[in-house]
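User: I am new to this structure and would like to learn how to read its features. Please begin with the contacts between charged side chains.

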Amino acid sequence: MGEASMAETIPNRFVVIGEVVNVIGLKGEIKLFPLLDFHGELLQSGYVQWQDGKAAEITRHRQAGSCQALKVRGVDDRNAAEAMVGRVLGFMSHSYLAADFPKPAEGLPFRWLGREVQTIAGQTIGIVDEVRIAGAGLMLVLLDPEQAGR
């Protein structure tokens, strides 16, 4: 399936990349637990947003153990950071098709969203609806092709 036909047939939905799970320090840094494999350039792009649709203006980020420490515009103290705990960060699925969407050369796991999965015999068994981190690997969550509007 080409990218143009993906945009026509797959709903433009919110793709979760992480959840704010804690605060760091007193100056408003928040800790984002990754729920999808992504890379830092995505955090610096204009494509990330909160689940409620508001833009996420991330001014800087750094690795913090298995999480990312983020500094978000307007979150300048611990109280404001604590109010962010539980918020979910992501992007809209059709954004991935944009030419300037930040992608490493090897691609990212969410590139499989909307793709058909077939057996080696060529039988379509589903359409990728979600990509989840499962231990050291990834798990593709499929929709039945009939449920995906096919």
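Analyst: A salt bridge is counted when a side-chain nitrogen of Lys or Arg lies within 4 Å of a carboxyl oxygen of Asp or Glu. Side chains of opposite charge can pair when their charged atoms come close. Please note that this is a predicted model, in which local features need pLDDT of at least 70 and side-chain atom pairs count only at pLDDT 80 or more, while totals for chains, interfaces and linings use all residues. Residues are numbered from 1 along each chain as its sequence is written, and side-chain values use heavy atoms, with hydrogens and water left out.

User: How many salt bridges does the count give?

Analyst: The count comes to five salt bridges. One of them joins the side chains of Arg73 and Glu57, at 2.9 Å from N to O. Arg73 lies in the loop between β5 and α3, and Glu57 in the loop between β3 and β4, so this pair ties together parts 16 residues apart in sequence. The names refer to DSSP runs numbered from the N terminus: helices (H or I) of at least four residues and strands (E) of at least two.

User: What pattern do the helices and strands follow along the sequence?

Analyst: The chain has three helices and nine strands, and their pattern reads α-β-β-α-β-β-β-α-β-β-β-β.

User: In what order do the strands of the sheet lie?

Analyst: Strands of a sheet pair through backbone hydrogen bonds, either parallel or antiparallel. Two strands pair if DSSP finds at least two bridges between them. In this model, six strands make an open sheet with antiparallel pairing, in the order β3-β6-β1-β2-β5-β4. β3 and β4 are the edge strands, each pairing on one side only. Six bridges join the antiparallel strands β1 and β2, and Glu19 stands opposite Phe33 in β2. In the hairpin of these two strands, four residues lie between them, and Gly25 takes a positive phi near 70 degrees. β2 is also joined to β5, again antiparallel, by four bridges; the partners in β5 are Gln68 for Leu32 and Leu70 for Ile30.

User: Which residues touch the most other members of the largest nonpolar core?

Analyst: In soluble globular proteins, nonpolar side chains tend to be buried together. A nonpolar core is a set of buried Ala, Val, Leu, Ile, Met, Phe, Trp, Tyr and Cys residues joined through side-chain atoms within 4.5 Å. The largest one here has 26 residues, of which Ile17, Ile30, Trp50, Leu70 and Leu89 touch the most other members. Elements giving it two or more residues include β1 (14-24), β2 (29-34) and β5 (67-72). β1 gives the largest share, four residues. Across the 150 residues of the chain, 37% count as buried.

User: How confident is the predictor in the chain?

Analyst: The guide is pLDDT, the predictor's confidence in each residue, from 0 to 100. Its mean over the chain is 82, and 82% of the residues reach 70 or more.

How values were computed
Buried < 20%, exposed > 50% of the residue type's maximum accessible area, 1.4 Å probe, protein only.
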